[in-house]
Amino acid sequence: MSNLVQRLEITAHPQLEKSLGYRGDSRWVAWRWEPDIDQLISSDGKTVATGNNMAWLVFLQHDLVDPAVQEYNLGEGDRYWLLLDTETRNLYVGEGKTVQSLLEQPESLGLLACLDGGNADRTGETWQQTLSQLTAKPVVRNLTNALPFSIAAALIGALGIGTGLWVVPAVQQKLAEKTAFISPISSGANCGLGGSDDFSAYIGSSSGNKELHLIGVYEANADHKNRDLSKSAIEVKVERRNKPIILALSAYEPVQWNISAEPGAVIEKIIVNGYHNQTVSGVSGIPVEEHSYEETGDNLGDFIYKWDAAAGSSNTSSLVTKLEQKNGTSLTSFQGCYRGKNFSIN
């Protein structure tokens, strides 16, 4: 068995991925628990999204599943991820950075499926055709350089069900050098009294050369007399150093956004969206675009403070869609609540 991923002695129900909230069409998808935000996260190598927490817990506690996954602590930590081959219904467990790297290398996952006998009834000719297709990929081309083709094909046929990932040392080294995506969401976000216990978050893609982070609230406090900005401050701390950041801030009521950036964090631009006046303080030399109906006569879109399917839809009136189109990049993260006090981007 491979020390990179372990195949579980159970197979997945045909509706497992849908039950866990995955709506994509990739052959391979993985899930992990994100303890910082108490949220199930799915990843298929192209998109990262939230999943169904309750379905995840029910799945892990099933009589057939629990004995197979208990040692991996999938319901509490993010060290190990669950990986599903939606064609063979095989399930695997591996460390996060390894699974993420595999999702970025479909040819490696294709070889894994072959080695684990996903189609045990194939003829010798079909095995040879599959191996030829796989070894045409640069990542596994060294396999045919190291072994005569007939021996390699025979080895794959003999390994059958239950074997793990077979890779050359150069590929193992490449996998080890890759790092897993680190969540930008902090568990320290604070939602004010009267709107408490309603923190909402979403983790999206970080595949481009910059990141787009959105923070959304309805208000900063419940006192709207004279709409005094001095009493409506929200603290935003930016610590993330991965890539240049576009910071989007949205509120219906007036808010004074106090921004602090840690050394090494690069904020490329700040965009504010509101119905009432929004102001930004704490940083200098950073372009600020204001879109508030009260001040500029326009706003970018809705004033979302809770993530749901509509927030991330293709609806062109949505704030998320307009921000993505405006900046030419996908949303990296969203966090918000009805009455916000402070947020961090890690």
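Contact here means that heavy atoms lie within 4.5 Å, and helices (H or I, at least four residues) and strands (E, at least two) are DSSP runs numbered from the N terminus. This is a predicted model, in which local features need pLDDT of at least 70 and side-chain atom pairs count only at pLDDT 80 or more, while totals for chains, interfaces and linings use all residues. Residues are numbered from 1 along each chain as its sequence is written, and side-chain values use heavy atoms, with hydrogens and water left out.

**Helix H2**

- The buried residues of helix H2, which spans residues 53-60, are Ala 55, Trp 56, Phe 59 and Leu 60, where buried means under 20% relative accessible area, exposed over 50% and partly exposed in between, with a 1.4 Å probe and protein chains only.
- Seen down the axis of H2, these buried residues fall within an arc of 130° (taken from the directions from the helix axis to the C-beta atoms), so they line one face of the helix.
- The buried residues of H2 pack against helices H1 (16-19) and H3 (66-69), and also against strands E2 (28-34), E3 (39-43), E5 (80-85) and E6 (90-95).
- On the face turned away from the buried side, H2 carries the exposed residues Met 54 and Val 58.
- At the start of H2, a side-chain oxygen of Asn 52 comes to within 3.2 Å of the backbone nitrogen of Met 54.

**Positive phi in loops**

- Asn 73, in the loop between H3 and E5, is a residue other than glycine with a positive phi near 55°, and it counts as partly exposed because its relative accessibility is 37%.
- Arg 89, in the loop between E5 and E6, is not a glycine either, yet has a positive phi of about 70°, and it counts as buried because its relative accessibility is 14%.

Conventions:
Polar contact = N/O pair within 3.5 Å; in protein donor to acceptor, adjacent residues only side chain to side chain.
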